[in-house]
Amino acid sequence: MKITTVLLFVVLFQSLALDSYSQETEVSVKAGQMRLTELFTLIEQQSEFLFFYVDSDVKDVDVTLNTRSKKIEDILSQALNGTNLTYAINDRNVNIVKRLDMQQQTKRLTGTITDQRGEPIIGANVIVKGTTNGTITDMDGRFSLNVAPTDVLVVTYIGYNSQEINIDGQTVINIQLTEDTQTLEEVVVIGYGTARKIDLTGSISSLGGDKLKMKNTPQLSSQLQGQMAGVQITRSSGDPTSGATIRVRGVTTLSTNDPLVIVDGVPGNINDVAPEDVKDIQVLKDAASAAIYGSRAAAGVILVTTKRAMSNQFHLSYNTEYGIDAPTAKPKFANAVQWMNGYNELAYNDGASSLYSAYSEDLINNYAQLRAEDPDRYPDTDFLGMGIKSSTHHQRHSFSLSGGTEKLKTNFSLNYYNAEALYDNKDYERFNVRTNNDYSISSWIHANVDMNLLYSKTVNPHNAEGSIMNDFMYRAPIYNAFWSDGNYADGKDGDNPFALHDLGGSTKGQNYRVGGKIQLDLTPIEGLTFTAIASPQFTSYKEKDHKKKYE
């Protein structure tokens, strides 16, 4: 049926090849050898013909033209001679198809898929490679499929290694799948140790460090948003100094609902780790983690493992990023005339005797002319538009160096991040330094000496009244921010948000965090290991006000 249908289409297309346009149109093609796709491009450039074909049919096909033929039928007949392709012209459309005499007949293929013990595998996927032609095995592991003699079967099933089988004209194929032990033997971090995935019974989410999305924030908690199933991460601020809220088991208590964070076996803060330093992250979501960490694991446990050096492998990398940040949308506020009309309407709805009780009709109608004559007395100020920048920038730099031998391995990383806010007197800068060292003192004494340093500096406007955004948004446009001579205006009753933020000074904060871990593993008897861990930590935060005189 398929062969008959294709034959009918080809006969129809060839009968339409006598269309007047194809008979009257001439193209100029130089004699010589070229790719078939190049020939199609030359013809399309000189005419209204459009070529339709399957990429795999014409890929890497070379053709030779001996004459400077001008009729498209002559050109295509000569070019496709000796290939397994033919053409059909329908008005201005040229279809390139395989010749019917070279197309292969399909046959019915049957078979059975079993495991290594001979048991039938139910629901295994059987598909012809490179196509959507496929099926699944039934309750007895049997399948049936129409295939061509030269097709390749791809058989897959969860937990088993996939197989590719050349049909080679066979009509019956029995396939035996082997178990995929590699993924089941994969080691994941659980608590203070590791385990194979095949041995796990608890609920664990896992994420590799290479899958972290590099967003314009240095906070690792924000980087995890949308990356792990069953872990709710909420980011309520675009400020790079603020991290995200993480909930593993939802809100279950009136006290803290934050999960316990373990960084390289030591309790810590997830935002102290640079995203570039992360090797993988595991989240223990069920109550079994309480058997390891006690009541601190009531809200879940996040295990962060940082990168370490590999034996006899040297690695050096540097990455940089520069981004321009702009507000996606700004709220539009009423201008001075709209604001006065709205205020009059508000007063009238509250019982005022006239619709123009607060601002006269004459003032409103002539406000534009009055402003042009005296902008100091008749202002029209867009406080938010003046206070918010149209764009700002952030930059990120990451440098890492690792290497070593069987006895000593060292991984060093330096990360820098800097971002400016969309308004003045706000800035954030951060440095992360981390070094992980592995020592093999003897065959049964191993030591890990890690150190990490976090330094961050923040600059915020010194504003005791509230948010700078509120200050700009809640000011009426009928007050001036600046006089026409450039000096600060009085605002409303001496309240000018620009003078307040420009001259009110700023608050500068510096945060130092130094941490480390010394771990000693003793294995006097094979299979018996004693571990001792010391983790000194130091944190310091300094804040200083830099005020300017209000003039």
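How are helix 3 and helix 5 oriented to each other, roughly parallel or roughly antiparallel? In this predicted model, helix 3 covers residues 36–46 and helix 5 covers residues 72–80. The two helices pack at an angle of about 175°, and their axes are 12 Å apart. An angle over 145 degrees counts as roughly antiparallel, and therefore helix 3 and helix 5 are roughly antiparallel to each other.

The residues that make this contact can be named. Helix 3 contributes Leu36, Leu39, Phe40 and Ile43, while helix 5 contributes Ile72, Ile75, Leu76, Ala79 and Leu80. Sorted by type, the residues of the contact are 9 nonpolar, no polar and no charged.

Strand 2 pairs with strand 5 in the parallel sense, over 3 bridges. Within this pairing, Phe51 has Val94 of strand 5 as its bridge partner.

Which residues have the most contacts inside the largest nonpolar core? They are Leu36, Leu39, Ile43, Val94 and Ile96, in a core of 23 residues. The elements giving two or more residues to this core are helix 3, strand 3 (62–65), helix 5, strand 4 (85–90) and strand 5 (93–98). Helix 5 gives the most, with 5 residues. Not counting residues up to four places away in sequence, Val94 touches Phe49, Leu50, Phe51, Phe52, Ile72, Leu76, Tyr87, Ala88 and Ile89. Apart from the core described above lies another core of 19 residues, including Leu220, Ile233, Val261 and Ile302.

Strand 10 (residues 152–156) and strand 11 (residues 163–166) run antiparallel and are joined by 4 bridges. Leu153 has Ile165 of strand 11 as its bridge partner. The hairpin formed by strand 10 and strand 11 has 6 residues between the strands, and Gly159 in the turn has a positive phi of about 90°.

Is Asn411 buried or exposed? Asn411 is found in strand 24, which covers residues 408–420. Residues under 20% relative accessible area count as buried. Asn411 has a relative accessible area of 11%, so Asn411 is buried. Leaving aside neighbours within four places in sequence, Asn411 is in contact with Lys307, Arg308, Ala309, Leu401, Ser402, Arg434, Thr435 and Asn436.

Finally, the protein as a whole. The protein has 14 helices and 29 strands. Of its 551 residues, 38% are buried. Among contacts between residues at least 6 apart in sequence, 62% join residues at least 24 apart.

Methods
Residues are numbered from 1 along each chain as its sequence is written. This is a predicted model: local features need pLDDT of at least 70, side-chain atom pairs count only at pLDDT 80 or more; totals for chains, interfaces and linings use all residues. Side-chain values use heavy atoms; hydrogens and water are left out. Axes are lines fitted to C-alpha atoms, for helices over the stretch in contact, and angles run from 0 to 180 degrees between N-to-C directions. Angles under 35 degrees count as roughly parallel, over 145 as roughly antiparallel, 65 to 115 as roughly perpendicular and the rest as oblique. Contact means heavy atoms within 4.5 Å. Ala, Val, Leu, Ile, Met, Phe, Trp, Tyr, Cys and Pro count as nonpolar, Asp, Glu, Lys and Arg as charged, and the others, Gly among them, as polar. Two strands pair if DSSP finds at least two bridges between them. A nonpolar core is a set of buried Ala, Val, Leu, Ile, Met, Phe, Trp, Tyr and Cys residues joined through side-chain atoms within 4.5 Å. Buried means under 20% relative accessible area, exposed over 50%, partly exposed in between (1.4 Å probe, protein chains only).
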